[in-house]
Amino acid sequence: MFTIDDLADRLGGYLPPDEIQQVKRAFYYAEQAHDGQRRRSGEPYVTHPLAVANILANMHMDHQSLMAAMLHDVIEDTGVSKKALGAQFGEPVAELVDGVSKLTQITFEDKAVAQAENFQKMVLAMSRDIRVIIVKLADRLHNMRTLGALRPDKKRRIARETLEIYARIAGRLGINTIRVELEDLSFQAIHPMRSERIKRAVSNARGHRRSAMREVQATLQKSVDDEALSGTVVGRQKHLLSIYRKMRDQRKPFAEIMDVFGFRIITEDVASCYRILGVVHNLYKPVPGRFKDYIAIPKANGYQSLHTTLFGARGMPIEVQIRTREMEAMANNGIAAHWLYKAGQTSHPIAEGSHARARAWVKGLLEMQRHAGDSLEFIEHVKNDLFPDDIYVFTPKGDIMELPQGATVIDFAYSVHTDIGNNCIACRIDRHLAPLSSRLESGQTLEIITAPGARPNVAWLNFVTTAKARSAIRHALKHQQHTEAVILGRRLLNKALAPFNTSLEELDPAVLNRAFEPLDASSEEELLESLGLGTRVAHVVAQRLMDVADGHPGERASEEAGQKSVVISGSEGMVTNFARCCHPLPGDAVVGHLSVGKGLVVHRAECKNLVDRDDPDKVFALEWSAHIDEDFPVALRIEIESRRGLVAELAGLVTDADANIERIGIEERDARLATVNLTLSVKGRVHLARIMKRIRNLPNVGKITRMAN
Ligand code: MN
């Protein structure tokens, strides 16, 4: 069992003997005050304050905080007065204990008003002495570690409060070691099964990757050493809740999240950080857009570090964080790093800065409280600050729009107006063009560019987060599908009417009306839509129309029926799809397959996946329009000598040929030979031929295959 002497030994590492003596005295006082009280686990009560003090000792907190930790439940549970504590241990310690006790009385429930008042109390307690909240966080951490014996519903309530309030405060103050542990313990209490499953999967995955991980670590370490830089490379693990959140929010499978290797490189000074960054970028190619310089621009809670992501061997992403020892201490302990350095008698600018920032934050909260009209308004302010789940962006006119965290440009467009969402084609974020899928950050100014005929894209549903955008897109798509199906249906019916030397436009409207009943349709529109969607067959409808027109049923169309082919341009939209198995391109011989509910699927004539090939109602020849502006995907398989920079080389070549890379993957067959799977978007067969010729001109290229199935 952990004793006060164990703690005193530990404190010997950073506190002078007289201060350790005072901590011990506080312990004995608490032991006596709590005499006879036991924890739910059966242990003497004083083991709890001792454990809380030990958590603070690990963070190198000062002796007054440790004393307050020892005494934190004395006022509340034993009836000793604040005055008595003041006389025994001095005013600052008594104030701290009083502050922590006040926080303990606050429970956060769902009632908005009560919560608002509790927040005010909490902010007030923190504002007197920020150490109050640090002691409170340590107290909560130990309670979470020892939740075990509680009733499940009570466990969940405490866990939820911990997650919603305390973990976030820890995060805001940059005390990440505590935040992470609070989050994982809460997650375990709220979702015991899920957390257990992820925990097991993590330890399995770790076993599998251990050697690969060591290899990358050794390579990184060697390249740092080779440049005579002092830096230590350590592996980094994701915590359970962050894995779970990624799986849930980004809908990523577990394997994909674990596929990322994380490393941290700790070095001496800022200059070395940037030098090491150069070294690792030279070693592995960096992923564009993933480099973040939090040294030059620290996060709100004072966090500083360089972040980058690299393409490792076999395309495995490697995340690297580079920071100094002080920044590392800040990243782990946040505001508490202030005492860490104070104890060592050397004040450190980063830690001082963090303390000043935390003070400024609390002061800001207090000012807000004075200005806010009522407590609900105040709570809104605090929430923005403490709960950055909502983001605030601006319209070009300066109007503020509030959106949930993770919202994208499309969400913004729909929040302004449904029509703006529907007609949105591009966007400027802070005056720079940005993809529609960009996630927004607070403070950005957004300008949506619309085009009158533009329509929503099915793919948008993959990245919108707001319900408004989602339902508006679904609605618009449904409407669009209907319109397009009617247009396609008209073309299919005219094709089927051609052998009778007539067309829908030439047909007597009265004939059409009389045909509805036998065809079981209620209107021309419905009839055409069903043809476009493939639920009715065009030549059957054409035959029926002719029967009605001629008045003598049974007459068949001439043998050369269906000679006229339907022309496609690629811009038909939702009821015309291009088969993913064979990726047809303009210039290829193509056929259409009409399938129920899906409309027309265009295949290459020789595609092996094509079913119903012999059924002329379902499969018929198509022709490409002479005017095509769209890009079409095509998949290539290239055998090539593997070498460094291959991906960049191919990418450059493709871009120079005015095509885009949709996807690129490398299978390394052996050390020498690689197979590259490349998906491009091109204008057509001729364009593709030009690109393939260029690839063939690269050194040591083997076979290039256009994938058919
Ligand atoms: Mn306690």
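Predicted model: local features only at pLDDT ≥ 70, side-chain atom pairs only at ≥ 80, totals over all residues.
View A. Four residues coordinate the manganese ion here: His48 and His72 through NE2, and Asp73 and Asp139 through OD, at 2.1 to 2.7 Å. Along the chain, these donors follow the spacing H-x23-H-D-x65-D. Within this set, His48 and Asp73 link distant parts of the chain, being 25 residues apart. His48 belongs to helix 3 (residues 47-58), while Asp73 sits in the loop between helix 4 (63-71) and helix 5 (74-78). Both His48 and Asp73 are buried.

**View B. An edge-to-face pair of tyrosines.** Welcome to Tyr294 and Tyr303, whose rings form an edge-to-face aromatic pair. Their centres are 6.0 Å apart, with 70° between the planes. Tyr294 is buried, and Tyr303 is buried too.

**View C. A stacked pair between two strands.** The ring planes of Phe578 and Trp624 lie at 5° with centres 5.9 Å apart, so this pair counts as stacked. Phe578 comes from strand 13 (residues 576-578) and Trp624 from strand 16 (residues 619-624), so the pair ties together parts 46 residues apart in sequence. Phe578 is partly exposed, with a relative accessible area of 23%. Trp624 has 15% relative accessibility and therefore counts as buried, since the cut-off for buried is under 20%.

Terms used
Residues numbered from 1 in each chain as written. Heavy atoms only, no water. Donors = N, O, S within 2.8 Å, 3.2 Å for Na, K, Ca; no water. Helix = DSSP H or I, 4+ residues; strand = E, 2+ residues; numbered from the N terminus. Buried < 20%, exposed > 50% of the residue type's maximum accessible area, 1.4 Å probe, protein only. Phe/Tyr/Trp six-rings, centres within 6.5 Å; stacked < 30°, edge-to-face > 60°.
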